[in-house]
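Hello,

Here is the structure I said I would pass on. My notes on what was found follow below it.

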Amino acid sequence: MLLSTRPIHRPVTRQMSPSNRIFAPLAHLKELEAESIYILREVVAEMARPVMMYSIGKDSAVMLHLAQKAFYPAAPPFPLLHVDTTWKFRAMYAHRDRMAQEAGMELLIHTNPDGLAQGIGPFTHGSAVHTDVMKTQALKQALEKWGFDAALGGARRDEERSRAKERIFSFRTPHHRWDPKNQRPELWRLFNTKIRKGESIRVFPLSNWTEIDIWQYIRFENIPIVPLYFAAERPVVRRDGAWIMVDDERMPLDQGERPFMKSVRFRTLGCYPLTGAIESSAATIDAVIRETLAAKSSERQGRVIDRDQSGSMERKKQEGYF
Amino acid sequence: MVSPVAESGHWNTQSPKSASPPAEKSRLRFMTCGSVDDGKSTLIGRLLYDTKAVFEDQLSDITTGGAGTGEAIDFSLLVDGLAAEREQGITIDVAYRYFTTGKRSFIVADTPGHEQYTRNMATAASNVELAVILVDARYGVQTQTRRHAYLAALMGIRHVVLAVTKMDLMDFAQEIFDKIAADFDAFANRIELNNVTAIPVSGLRGDNVACTSASMPWYSGPTLLDHLETVEIRSDDATAPFRMPVQWVNRPGLSFRGFTGRIVAGQVAPGNRVRVLPSGQDALVARIVTMDGDLPVAGTGQSVAITFDREIDCSRGDVIVDSEAPPEVAQQFETTIIWLGDEPMLPGRQYWLKTATKVVSADVTDLKFLVNVNTLEHLAAKTCKLNDIGVCNIALDQPIAFEPYDVNRDLGSFILVDRITNATVAGGMIHFALRRSHNIHWQPTSIDRRARAALKGQAPRVIWFTGLSGAGKSTVANLVEQKLHARGLHTYLLDGDNVRHGLNKDLGFTDADRVENIRRIGEVAKLMADAGLVVLCSFISPFRAERQMVRAMMAEGEFIEVFVDATLAEAERRDVKGLYKKARAGLIKNFTGIDSPYERPEAPDVYVDTIQESAAAAAERIVTKIIEV
């Protein structure tokens, strides 16, 4: 220390049995895991009513798995919350219910009742309105309904440029707004979780993970994920340059348009009408990892939601989107 | 192509366990210091591009010229998506980028902009192992270069790369590079920055970034990427004596008590004798529990759960350490602080201090000097303002286990948090404990709280009744105590008015005094709970923060918050003590509900609506809750 007015005496090193070898730095996946577990435990230790956002995708799968590790042998001491737009893939709903049950956790499901009453959907109202009403507004309703003061989310900094500067503990106003001018500096591993009534914190335990980290971790931990991530013959149509899977009868088809079978898989999962598939024959985890390593486009490319307006993620976040 | 899994089925790999994990790669976190003018964005962009961390759809956004012509790519735009935000006045302190090579996985912490530089750089530096300091070959070592180097050294970064950029603009001349490297070395020696590697680069053309430069045959050292991939980052932490701050106590049932945390130094194995600080009690490690099975040994960086061979007090904020080489426990320190808040530091003002997993109250007792980061001069000052670096003494309200920052970052670093705005206002590094605090030790007692409670045949509890004056707190608390007493439980009722006649008769009703009032009551309740009692506390306690503070003082599950609710109109109508009338008449100042706020509990353990429910019924519910827990 440059400024210390006295020399520092380091404690004498002691070799402890049974192993006295110098520990190599933790392999990076193990380090990511340990860091995420630390974050999850900080949330439970310091917040009064945390909840884990569960969106059923691969990142949620990893986050749920980490939570199980963090609190083992207890079940994670918070509920799972799924903000349901009613437009997810059918395979996602099946997976969600099974995972919550296996984890021994309470599963809370919230759908915006106003949006439901008005029949808001991506086909009839477009992705922007659908996302705002059924996701952003619904999320705020859910957080208020149960009075949560901390919401754990699976977002990663490598996903999108506006996420690159996001804090791990992201502070929200009582109106759930993200105020980028008013975020707290995060030094060391010292997270400031102090909030006032009505304020809340969104916490991102996977901040430092990349897409390939997620896949490799899923492989080595044998984490169950929705089968849609693996290539299979699926009924699709071509829309705005994306392969959209016809998952149920609500999908309106143009005159003369007929779904055809194609070997596709999904890099991200969301509402099926807004999620583009990629042509792929990667039907195993190792094949998916190989494809991801060789990928030439980013995973969010298949998402209609990010592209409907320039700088749209930034704007959505300020309005309270996760 | 037939899918190996049904759409509805679980996917489960049958991958052989023997497959060697790709995770043998290590991770390097580094930061870049410099401005856009130094070619920083171009350098990072080039690094990402050359390591194939850029996707085509991202590239198409920034390719200005014809597709396929490499020169049309403006690398700086890859990372500089922040320009628009700067125009909007948005402060971005650190942006993170990720890339990976066959050897390592990297996190780049990038601190954009000139303004707020100290704050931004300190934030980035606190979480990295290496700093890349950029110097423009045209201008050489500048004031800001020295500032970057100084801050890196101050924050304990031991590895520095001096990247001399824009060599293409200086005809790749060796003497230019040699001169800059020598100038920097002279300064680095002065500030004890010992591991400096200087590399001449051109971000624009890629020279010595990922590929060896053909234009600089005189340079025989590594490329930037080579160096980042191979530099050995040695930490003393792994071989130091064992330290683990307790994050959270895992108690799923009566038979299991796991102390969870991340090991910040050394390693631990079952059978090791450890000590819990600051209490000073020893135990043997029984198990290291993880979901993947018990571990024979766990080392630095791992998040684990530890169980002991005996029951001793240990809770969040305590530090579990090697009993033969424990760290010091102290309450007053000399420190360096970096001020991050918009409001200046005020000596004597109480701030929250968080270090490792512990939150205590602290104040700056003596600001010795500020450091001019450009000249390293020491300046006398009364206060710290945004971006100031100061050396000061701080005093805590209770002793903590610590290490000097130079010895261990986790046990030697802290943040200060404003108690009103909750903003993080400073980051700090401990130098050493002040001598007078060495002599205050926490006396471990042989009869512990568990033993005292066991003799009474009860579990200690603190039942905290909060609500407006006149809501009925004391009435309900009284009934609860009678019912508990009748069941043979040992209780004590602490009441707001009574305490203010004695213990707290020196306190008024300003926000600061209300805070101190609750703090003292919390301490008393804690002692009583320690003695094994069921303590009933009936206080308006209007601030959520202080109720939270008291909750945090108690063992987990011991604190039960009871919100005795009545509307202000109803409480005022009852006005049992005639206080509302006086407050309305302006005879009492700072009266909760009238001219002082009441922050309703968000998630009380028990909610009592005194308009809907009788006091007796509520008391019965609370008693049930106490007995069953």
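The largest nonpolar core holds 95 residues, and those with the most contacts inside it are B:Phe30, B:Met31, B:Val462, B:Trp464 and B:Leu494. Please bear in mind that this is a predicted model. Beyond its neighbours within four places in sequence, B:Phe30 is in contact with B:Leu47, B:Phe99, B:Phe106, B:Ile107, B:Val108, B:Ala109, B:Val128, B:Leu130, B:Val132 and B:Leu228. Another core, of 73 residues, lies apart from the largest one; A:Ile39, A:Phe71, A:Phe169 and A:Tyr217 are among its members.

Next, helix α3 of chain A, residues 90–103. The buried residues of α3(A) are A:Ala91, A:Met92, A:Tyr93, A:His95, A:Arg96, A:Met99, A:Ala100 and A:Ala103. Residues three or four places apart in an α-helix point the same way, because there are 3.6 residues a turn. The cover over the buried residues of α3(A) includes α2 (58–71), β2 (80–83) and β3 (107–110) of chain A. Just after the helix, A:Gly104 has a positive phi of about 70°.

B:Cys392 is in none: the nearest cysteine sulfur belongs to B:Cys384 and is 6.3 Å away. B:Cys392 is buried, at a relative accessible area of 0%. B:Cys537 is also buried, with a relative accessible area of 0%.

Regards

Definitions and conventions. Residues are numbered from 1 along each chain as its sequence is written. Chains are lettered from A and ligands numbered from 1 in the order in which they are written. This is a predicted model: local features need pLDDT of at least 70, side-chain atom pairs count only at pLDDT 80 or more; totals for chains, interfaces and linings use all residues. Side-chain values use heavy atoms; hydrogens and water are left out. Buried means under 20% relative accessible area, exposed over 50%, partly exposed in between (1.4 Å probe, protein chains only). Helices (H or I, at least four residues) and strands (E, at least two) are DSSP runs, numbered from the N terminus. Contact means heavy atoms within 4.5 Å. A disulfide is a pair of cysteine sulfur atoms within 2.5 Å. A nonpolar core is a set of buried Ala, Val, Leu, Ile, Met, Phe, Trp, Tyr and Cys residues joined through side-chain atoms within 4.5 Å.
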